[in-house]
Amino acid sequence: MEWLNPYNIQVVTFIILNCILAISIFITLATGQLSLGHAGFMSIGAYTTSILSKNADLPMFVAIIAGALMAGLIALLIGAPTLKLHGLYLAIATLGFGEVVRVILLNMEITNGALGITGLKSLGTYIYDGMKAVGITSQSLGLSVPVIKSLSTLVFLFLLFLVVLFLTLRLNSSRLGRAFEAIRADETAARAMGIQVNYYKMLAFIIGSVLAGLCGGLFAHITTAITPTDFNYHKVVEILSFAVIGGTEVVWGALFGAVALTALPEVLRGLAEYKMIFYGAIMVLVMAVRPRGLIGSDTLQKLFRRGSKKQNEQPKGVE
Amino acid sequence: MKGITKSLLSALLGTSLLVGCSSGASTPSGTAETPETNTAAPAESAGEFTAKIGGVFILSGSSAAYGEAQKKGLDLALEELNEANKGKLKIEIQYEDTGGKKESAINAVNKLINQDNVVAIIGPTLSGEMLAAGPVANEAETPIFGISNTVEGINDIGEYVFRNSLPESIAVPTAMKKAIENKGYKTAAFIYAENDDFSVSGFQTMKATAEKMGLENLGETTFSIGDVDFSAQLTKIKQLNPDVLLVSALYKEGSMVVKKARELGINSVIVGGNGFNNPKVFEIAGPAAEGLIVATPFSPEKQDEKVQNFVKAFEAKYGSKPDQFAAQAYDSLYIMSQSLLGAGKADRNALRDELAKLKDFEGVSGKLSFDEGRNPIGEAVVVEAKDGKFVPFE
């Protein structure tokens, strides 16, 4: 039970949170749209959730869902004019959107400007309070309170992640997923085949934004304090690099990227000051050897066609 | 190509698994169940006992300069204390880097508490990091000691949270009172960085203090961290012609504001927030810095034996003068050691109780006590810029 300490649990919690973020960027990228507005949507979700749960005293889960929907609503408004843009132009427009959101958050009274919203109730505390209400306490489980709180956060996030992953996999093999793939491969050809390109692009953009908003709400209640700087340009790059390093062709790629990039800084903690050098070197190496990401659709096919030996190794890295 | 990729992948996986294993294996036993430290703690005060303290600072990234200064201050204090307390107490410090990131600060604090079994934590560097990581330590009943967190509300996190960094609500009013009172100034104008939590918090304190002192508020203008041109805002202030100009910003933008203000011919007395406590102010603002008034918890020019000894030792070890961050870090370890000796064992709860009792601690950054809310009660030195350095203001 030694490994079951809040530190390890916390790291895994952040890994899973980033996995959901990776899915959110993956879905947007699935239609070939390079959106850099994810941190913006995340902040909308985070602030909506925090204000609703702190100022309006709504139950946390309701607030988190409301935050996700709010991000989706804004995505609908933003998507209409910007999704006509392609490639770099879309990237710049969405990047601008993210910055605008950040500046608005900095200047609004209700968001408390640069000081941000602090003293939020943590997700673990909330779940534990619920557990106590039905008679489960730390004594009856034989674990200390911090362990239970972090563990329940992890279990909740993991279940949520499984649901999101299941839906994403279903989506990929559905009519929608094939339409997304067709659009990414060639927009003009897809249109010639009778696919309503604008509709599907918008849909992918909104799904991605809702997921980002969801992560924002969760992030707020895991870290218990948010400021506009948490959602600046660095966050955008971080989210994007999950997909770029891991691969954008299959969802496993983006997930692997999220796991690797979140775990690496912690694994490399022992190297102290040299940590970032190794981190950077690994990224450069990956890009040099696998410019399309570590895991592509071909990787999976090869692995599953080969014997069971390789199969054993693969799921470990992916999950 | 295929082969390379595969071997690379497996190598990567392999190393990460290996590292994961080794760090897991080194975990001391019984960490998950008991929040108490398992450091051997003999009850007799005669024997030597070891206390492991965590240091969580920004040691990489754009704000690493602050963390480095804090680490230097701690290392110096560590050397001196382990020498002085030989046979009684041995302190070890384990440093963790946050890179200025909130998630990383939470992870670092969690790691120190649960894996390294520290008895207390010093840091993190930024107030934002403390607001996120403080509750974690508080929940785990581990004292966490901020040495550079100046925003309001830090101590409200919980009863395991301490700090020796004077909140702006003490430092800023001290500077303003000393600079303004009995001089007949009647009007004030404000300029601050609106996208920085530290600067906004400082501004709010300035405004409240000005109101209390009966200064007429002529106007407020804002800019952003990263701006380089402040002419529009300062032209407006010049028209207002206030007796006192209050600037709340980080040193870089703040110094540029001061420089530009003097260039435009603003002759008001300028009082700056805590952000100006940096020798770089003189590099950037040059002669325009003359007359700038700032409250600081620490001034290396202060004629006090303790301060001068510290400055000398610091210069001998690192070849540069200590700043406020190094001084507060240095003091924090002395406070820790004093409280640990008082507790007689490396126990988190005993240490907390001892820390809460702290009274009239004489450090290089002034006298320090805690009130019942664990807020630091200390004194700030008011300094004035003169001939390229800060000297005590008269």
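**Confidence, chain B**

I started with the confidence of chain B's elements: helix 1 (residues 2-25) of chain B has the lowest mean pLDDT, 41, while strand 3 (residues 120-122) of chain B has the highest, 96. I then looked along the sequence and found pLDDT below 50 over residues 1-45 of chain B. That stretch still has 56 contacts in the model beyond near neighbours in sequence. My reminder to myself is that where pLDDT is low, the predicted coordinates should not be read in detail. This is a predicted model, after all. For chain B as a whole I noted a mean pLDDT of 84, with 88% of its residues at 70 or more.

**Confidence, chain A and overall**

Next I checked chain A. Its mean pLDDT is 88, and 94% of its residues reach 70 or more. Which element of chain A has the lowest confidence? I found it to be helix 15 (residues 308-318) of chain A, with a mean of 47, whereas helix 2 of chain A is highest at 96. Residues 310-319 of chain A stay under 50 in pLDDT, and I count that stretch as having 11 contacts beyond four places in sequence. For the whole model I wrote down ipTM 0.83 and pTM 0.81.

**Domains of chain A**

I looked up the domain assignment: chain A is given domain 1 (2-231) and domain 2 (232-308). Their C-alpha centres lie 20 Å apart. Where they meet, 23 residues of domain 1 of chain A are in contact with 17 residues of domain 2 of chain A.

Which helices supply the domain 1 side of that contact? I listed helix 1 (6-29), helix 2 (38-54), helix 4 (87-107) and helix 7 (145-172) of chain A, each with at least two residues. Helix 1 of chain A gives the most, 11 residues. I also sorted the domain 1 side by class and got 15 nonpolar, six polar and two charged residues.

**A helix pair in chain A**

I moved on to helix 11 (residues 233-246) and helix 12 (residues 251-267) of chain A. They pack at about 115°, with axes 7 Å apart, and I have their crossing down as right-handed. From helix 11 of chain A the contact uses Ser241(A), Phe242(A), Ala243(A), Ile245(A) and Gly246(A). From helix 12 of chain A I noted several residues, among them Gly253(A), Phe256(A), Gly257(A) and Leu261(A). By class, this contact has nine nonpolar, four polar and no charged residues.

I also stopped at Thr224(A), in the loop between helix 10 (197-223) and helix 11 of chain A. Thr224(A) is not a glycine, yet I find it with a positive phi of about 65°.

At the strand 5 end, strand 4 (residues 144-146) and strand 5 of chain B pair in the parallel sense over three bridges. There I see Ile144(B) opposite Val161(B) of strand 5.

A cis peptide bond joins Gly123(B) and Pro124(B), with omega at about -10°.

**The three-stranded sheet of chain B**

My last entry is an open antiparallel sheet of three strands in chain B, order 11-12-13. Strand 11 (361-363) and strand 13 (376-378) of chain B stand at the edges with a single partner strand each, so one side of each has no neighbour in the sheet. The twist I noted here averages 35° from one strand to the next. Strand 11 of chain B is joined to strand 12 (residues 366-370) of chain B by three bridges, and the two run antiparallel. For Glu362(B), I found the bridge partner in strand 12 of chain B to be Lys367(B).

Key. Residues are numbered from 1 along each chain as its sequence is written. Chains are lettered from A and ligands numbered from 1 in the order in which they are written. This is a predicted model: local features need pLDDT of at least 70, side-chain atom pairs count only at pLDDT 80 or more; totals for chains, interfaces and linings use all residues. Domain bounds come from an automatic or database domain assignment. Two residues are in contact if their C-beta atoms, placed from the backbone, lie within 7 Å. Helices (H or I, at least four residues) and strands (E, at least two) are DSSP runs, numbered from the N terminus. Ala, Val, Leu, Ile, Met, Phe, Trp, Tyr, Cys and Pro count as nonpolar, Asp, Glu, Lys and Arg as charged, and the others, Gly among them, as polar. Axes are lines fitted to C-alpha atoms, for helices over the stretch in contact, and angles run from 0 to 180 degrees between N-to-C directions. A crossing is left-handed if the near helix is turned anticlockwise from the far one by less than a right angle, and right-handed if clockwise. pLDDT is the predictor's confidence in each residue, from 0 to 100. Two strands pair if DSSP finds at least two bridges between them.
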